[in-house]
Amino acid sequence: MDLATIIEAVVKVLIVLGFVLMGVPLIVWMERKVLGHMQDRIGPERVGPFGLLQTIADGMKLFFKEDMLPAQADKVVFFLAPGLSIVTALVAATVVPWGDTVTLFGREIGLRITDVNIALLFLLGTTSMGVYGIVLGGWASNSKYPLLGGLRSSAQMISYELAQGISLVPIVMITGSLSLSQIGRAQESMWFVVPQFFAFVIFVICAVAETNRAPFDLAEAETELVAGFHTEFSSMKFALYFLSEYANMMVVAGVAITCFLGAWHGPGPIPGVLWFLIKLSLFLFFFIWLRATFPRLRYDQLMGFGWKVLLPASLLNMAVTAVVLVMKG
Amino acid sequence: MSTIAVPLAAYQILAGALFTIGVVGVLVRRSALIVFMSIELMLNAVNLSFVAFSRQHGSMDGHIFVFFVMAVAAAEVAIGLAILIAIFRKRETANVDDVHLLKG
Amino acid sequence: MTEIILFSLFALTAVTCALGVVFHKNPVHCALLLVAVLLSLAGLFIMLHAQFIAALQVIVYAGAIMVLFLFVLMLLNVRRHEDVLTPGAAKGFGFLFALIVFVELLWVALSPGGGEQGSVGAPAALPQEFGSPAAIGRILYTTWLYPFEITSILLLVAVVGAVLLARRKFVG
């Protein structure tokens, strides 16, 4: 491993890390602004131009808050859980490609941190580890509402992971590769959302459930469970949970774009990275739109929907795709 | 990676150690859940052994065995935990020594 | 050199955490330590060129089976401090038996391998695709197709059994 490779790796890690961490305040601002306008209010506007610095101010406030530890909480796990949550979110971001290769200083540089040949499996692995942060946070607080929130989310995430994984299988069958950059490259002429529309719909629904966003935010349903699994978390620990929720949103949106929405491809002379960013912003806007539109589901409806509708639908889609692929030869 | 940095025997000894720890868990712990986890530990030790032999012999059959072991483990855990919940509902205990009567 | 360091790291983590699984009081901590064991084993799998198995280990074992464990632990809320170890002579016997097992395994692992392909010496040269999902799929759906289909029946039986057992009341 020569020096240039190491420098390249470090720079790319810094770019992704910086992008995710800087992007989160922006998304939070966007969420509050968009939600505000959709509900016929203005949203934050006092701090900075258009209220842009509001999230930074909130972050500063959280930073200076007292760090509480509930009585008889499990100290080690209580500290571990938020960290696990953010680490899995950031690790998942390493395999998402944000562009094709470019030549810089005479080096071929792939615009992604790493291009492992099992990237998709790696991604499923990290997202399945993400459950721990929430479940353990709920359990370690030694409090009834967080425990219920943790239980709910563990059941929910296991259920929706299945359909999510299976909805990605047709993509793998078409491209014959688990590498995300290969999948991205295969969509130069046609985005996979066209032949695999059902898979896309299933994936998006599961993605909303996986990130615990409304209308599937049963883990933190404030009308029933105070704030769900993070009720007892304060200060920086709460901030870490907050950060990981939005980081997860970005990752899941990145995967959806890479697998279904043509990755970095797009018409016109706009460079690939910019296309990726545009699609990312639109997708995140869609997430917020969903939250403003749909009421929260009831818990049994949620589980029933996952097991009785999404899972069979994704299996059927996979089988049909397989048959079509074989018939085409 | 061309030379043998870590010999097969090292993996086998590690697998043996993990398996033994699993055996200890099954024999000396009383909580049914921990006994279950110890069984998972033993299965994993065997998996490690399979994968190490696969590497040594350059044949992927060991990987296939691990695949099947995982499928069996998943089935076993689903059934086992369901039985455990049924027992817990009836007797309010997860201790294997308390469940020694073969009647409902 | 890197390989030896990595191996020692993973092996040490695995053994320490495994001991924790068996001797820790709190069941939830035991489950977490087991997750640590599973993850370090996944690391070892990658070192052994079994990327696909490593991914399965994380997704299936650490991501699904252990979450199920945690789920049941939290559902039953087994927090009362029961006796950690079995009392009396059974405990001593258990340790003795485990020691015998370990010595036997050690003996087998260290004895020179017989058969055509020796278990000592340099490992075989690996084909390009060794351990990749494509290669595993190829032999899984040809040579091992029959066992694979039977596994699906096994899983179906497990699903039906689990649903039946976990129901609140038995009908009839």
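Select chain C and chain B together: between them they bury about 7200 Å², with 79% of it on carbon and sulfur atoms, where buried area is the accessible area (1.4 Å probe) that two parts lose on being put together, summed over both. Now colour C:L48, C:Y61 and C:F69, the residues of chain C that lose the most area to chain B, together 9% of what that side buries.

Before going on, note that this is a predicted model, in which local features need a pLDDT of at least 70 and side-chain atom pairs count only at pLDDT 80 or more, while totals for chains, interfaces and linings use all residues. Residues are numbered from 1 along each chain as its sequence is written, chains are lettered from A and ligands numbered from 1 in the order in which they are written, and side-chain values use heavy atoms, with hydrogens and water left out.

Next, select the residues in contact (heavy atoms within 4.5 Å): chain C gives 83 residues and chain B gives 72 residues. Across this interface the rule finds 0 salt bridges, a salt bridge being a side-chain nitrogen of Lys or Arg within 4 Å of a carboxyl oxygen of Asp or Glu.

Stay on the side of chain C that touches chain B, where the elements giving two or more residues are α1 (2–23), α2 (27–47), α3 (51–76), α4 (89–110), α5 (133–140) and α6 (145–166) of chain C; helices here are DSSP runs (H or I, at least four residues), numbered from the N terminus. The residues of this side divide into 63 nonpolar, 12 polar and 8 charged, with Ala, Val, Leu, Ile, Met, Phe, Trp, Tyr, Cys and Pro counted as nonpolar, Asp, Glu, Lys and Arg as charged, and the others, Gly among them, as polar.

Now go to C:H49, which lies in the loop between α2 and α3 of chain C. Phi of C:H49 is near 60°, a positive value in a residue other than glycine, and C:H49 is partly exposed, with a relative accessible area of 29% (buried means under 20%, exposed over 50%, partly exposed in between, with a 1.4 Å probe and protein chains only).

Then move to A:D40, in the loop between α1 (3–38) and α2 (54–64) of chain A. Phi of A:D40 is near 65°, again a positive value in a residue other than glycine, and A:D40 counts as exposed because its relative accessibility is 74%.

Finally, colour chain C by pLDDT, the predictor's confidence in each residue, from 0 to 100: chain C averages 82, and 84% of the residues score at least 70.
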